[in-house]
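Please walk me through this model, from its annotated segments to its core and its charged pairs.

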Amino acid sequence: MMAPLALAAAYALDSAFGEPPNRLHPVAWMGSVITRARRWALGSDETRAGRWGQLARGAVVALAIPAAFAVAAHVLVGALGPSTWLGAVGTALLLKPMFAVRALRDAAYAVRDALERGDLASARRGLGSLCSRKADDLEHEALVAATVESIAENISDSVVAPLLFFACFGLEGAVFYRAVNTLDAMMGYHGHLEYAGKAAARLDDLANLVPARFTAWLLLLAGALTGARVGRGIAILRRDGSRTESPNAGWPMATMAGLLGVRLTKAGHYALGDAVHALAPSHITAAWRIASLAAFGSLVTSALLSRYLHG
């Protein structure tokens, strides 16, 4: 019973306080470790690893860092007593930084509010909190599209997935997932990280295989509750869900495009949905309304699953 209680407490902490400061944030610690490991995986100027060397080093990094943080979480919770109230409190405090609902909403609304003021510069800067897309040349509708896409993708990566991993594998699972996802965010790119980051990218693809698809169905359920066109959401999911380079991101993004009746485009990469409506800042509000309900659905589902699996 302690695991579902810890999960609910962590969610309440997120709603009340959002993210802890960076100096106390385990994901920031992961980022610091990954920055050093990334340099090692690439090799120094004198000893720059070749293609196969970068692949091998990248695989070591992709497995060792998530495992190390998961072991650390296991030791900490074990020391507190996993079946005690103290253990539940410790689990809640450590679980909270593994997902982010309030921060996602605040970042999305910052872009929306800037667009409503006509402040494109602030909207472009704000998009940087949601995704790594270069926003310098994005205009009004492209900024709305990128924000809606980020809400849909991040509700899967940043909320549904870590909660599901917690439900199935405990705090260690949530920490492992968050480290894998952070590795992908920092190393899973083409270009000079192509080989060093390949293992991290593939591991993240594997970790999100089930959560992304589960998120799509949660979004459809949430869409039904908010009066969105669920039939259109299913049709666009079936038609466009596999059009992204990622095997997972297209599922929640295409579903959201269908529910809202908008076309979400990333130039040179994909176009999801049909332009039934012109993109407007109000679609960010509508997307968040659906996504937040889906996030709550994942909380309830994960709590029930955790209760079933761990008692």
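**Annotated segments, core and salt bridges**

The unreviewed UniProt entry annotates residues 67–95, 159–180 and 214–237 as "transmembrane region"; UniProt positions are given in the numbering used here, feature names are shortened, and such annotations may be inferred rather than shown by experiment. The structure is a predicted model, in which local features need pLDDT of at least 70 and side-chain atom pairs count only at pLDDT 80 or more, while totals for chains, interfaces and linings use all residues. Residues are numbered from 1 along each chain as its sequence is written, and side-chain values use heavy atoms, with hydrogens and water left out.

Over residues 159–180 the chain is 100% helix and 0% strand, with 14 Å between the end C-alpha atoms. Residues 214–237 are 83% helix and 0% strand, and here the end C-alpha atoms lie 12 Å apart. Helices (H or I, at least four residues) and strands (E, at least two) are DSSP runs, numbered from the N terminus.

The largest nonpolar core contains 81 residues. A core of this kind is a set of buried Ala, Val, Leu, Ile, Met, Phe, Trp, Tyr and Cys residues joined through side-chain atoms within 4.5 Å. Buried means under 20% relative accessible area, exposed over 50%, and partly exposed in between (1.4 Å probe, protein chains only). Leu95, Val148, Ile155, Met187, Met256 and Leu260 have the most contacts inside the core. Helix H7 (residues 140–187) gives the most to this core, with 20 residues. Leaving aside neighbours within four places in sequence, Leu95 is in contact (heavy atoms within 4.5 Å) with Ala6, Leu7, Ala10, Phe166, Leu171 and Ala174.

Helix H11 (residues 250–260) is largely enclosed by the rest of the structure, because 10 of its 11 residues are buried. Among the buried residues of H11 are Gly250, Pro252, Met256 and Leu260. Their cover includes H7, helix H9 (209–225), helix H10 (230–240), strand S1 (264–266), strand S2 (270–272) and helix H12 (282–310). After H11 comes Gly261, which has a positive phi near 70 degrees.

The loop between S1 and S2 holds Gly268. Is Gly268 buried or exposed? At 84% relative accessibility, Gly268 counts as exposed. Gly268 and Trp52 are 216 residues apart in sequence, and their C-alpha atoms are 29 Å apart in space.

Asp240 belongs to helix H10 and is buried, with a relative accessible area of 0%. Not counting residues up to four places away in sequence, Asp240 touches Ala254, Ala271, Leu272 and Gly273. Asp240 is also linked with Arg239, Arg243 and Asp274 in a network of salt bridges. A salt bridge is a side-chain nitrogen of Lys or Arg within 4 Å of a carboxyl oxygen of Asp or Glu, and by this rule the count comes to 14.

One of the salt bridges joins Glu19 to Lys96, with the closest N and O atoms 2.7 Å apart. This pair links distant parts of the chain, 77 residues apart: Glu19 is in the loop between H1 and helix H2 (26–42), and Lys96 is in the loop between helix H4 (85–95) and helix H5 (102–117). Glu19 is partly exposed at 29% relative accessible area, whereas Lys96 is buried at 5%.

Two further pairs lie within single helices. Asp106 and Arg102 form a salt bridge with closest N and O atoms 3.9 Å apart; they are 4 residues apart in helix H5, so about one helical turn separates them. Asp106 is partly exposed at 37%, and Arg102 is partly exposed at 27%. In helix H8, Arg202 and Asp205 are 3 residues apart, about one turn of the helix, and their closest N and O atoms are 3.1 Å apart in a salt bridge. Arg202 is partly exposed at 48%, while Asp205 is buried at 16%.

The buried residues of helix H8 (residues 198–207) also include Ala200, Ala201, Leu203, Asp204 and Ala207. Helix H3 (51–80), H7 and H9 are among the elements that cover them.
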